[in-house]
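I opened the notebook to go through this structure one item at a time. My entries follow the views shown here.

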Amino acid sequence: MGLFGNKNKKEKEYLESLNIRSMMNEDFCLEVDNVFIIMGVGTVVTGDVISGICHTGDRAILQTPNGNIETRILQIDVHENKRKSKGIAYRSEHVGISLRGVLKEQVTKGDKLFLKEKVIYEVEI
């Protein structure tokens, strides 16, 4: 236990407040609000997770006005007080997600990112 409390206890309280069990029944959806390139990472989309959960490695579809683009989620960073790599994104979080095989020019604000297939997650609470 540190000066500011038990990190595991705070994380457990946060996860309980998210109601993960209900999110597990939702389809993942992120609405893109920005897109940029990071050297060594590639194309990154940022936005709010509207529903569901996603993990690093999940196969996804980027829905654009010019058609759907199949991709894979390479990395997930959660934007809270400061950016941190987490590997998972939950509903209501503002996140940055790096995508494989997607060019910056293919993405515009308002595009939607969905998981390609329903993923069953196991969560211990």
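What share of the 125 residues in the protein is buried? I looked it up on the model, which is predicted. Buried residues make up 36%.

Entry: overall layout. I counted two helices and nine strands in the protein. Reading from the N terminus, I noted the order α-α-β-β-β-β-β-β-β-β-β.

Entry: contacts and surface. I took the contacts in the protein with a separation of 6 or more, and 64% of them join residues 24 or more positions apart. The accessible surface of the protein came out at about 7900 Å². Carbon and sulfur atoms hold 49% of that surface.

Entry: Thr-64. I found Thr-64 in strand β4, which covers residues 59–64. Its relative accessible area is 12%. The cut-off for buried is under 20%, so Thr-64 counts as buried. Next I checked its side chain. A polar atom there lies 2.5 Å from the backbone oxygen of Gly-67. Then I set aside the neighbours within four places in sequence. Thr-64 is in contact with Ile-69, Gln-106 and Asp-111.

Entry: cysteines. How many disulfides does a search of the whole structure find? I got zero. A disulfide is a covalent bond between the sulfur atoms of two cysteines. I also looked up the accessibility of two cysteines. Cys-29 has 8% relative accessibility, so Cys-29 counts as buried. Cys-54 is at 0% and is buried as well.

Technical notes
Residues are numbered from 1 along each chain as its sequence is written. This is a predicted model: local features need pLDDT of at least 70, side-chain atom pairs count only at pLDDT 80 or more; totals for chains, interfaces and linings use all residues. Side-chain values use heavy atoms; hydrogens and water are left out. Helices (H or I, at least four residues) and strands (E, at least two) are DSSP runs, numbered from the N terminus. Buried means under 20% relative accessible area, exposed over 50%, partly exposed in between (1.4 Å probe, protein chains only). Contact means heavy atoms within 4.5 Å. Accessible areas come from the Shrake-Rupley method with a 1.4 Å probe; for residues, only the protein chains shown count as cover. A polar contact is a pair of N or O atoms within 3.5 Å; within protein, one must be able to donate a hydrogen and the other to accept it, and residues adjacent in sequence count only if both atoms are side-chain atoms. A disulfide is a pair of cysteine sulfur atoms within 2.5 Å.
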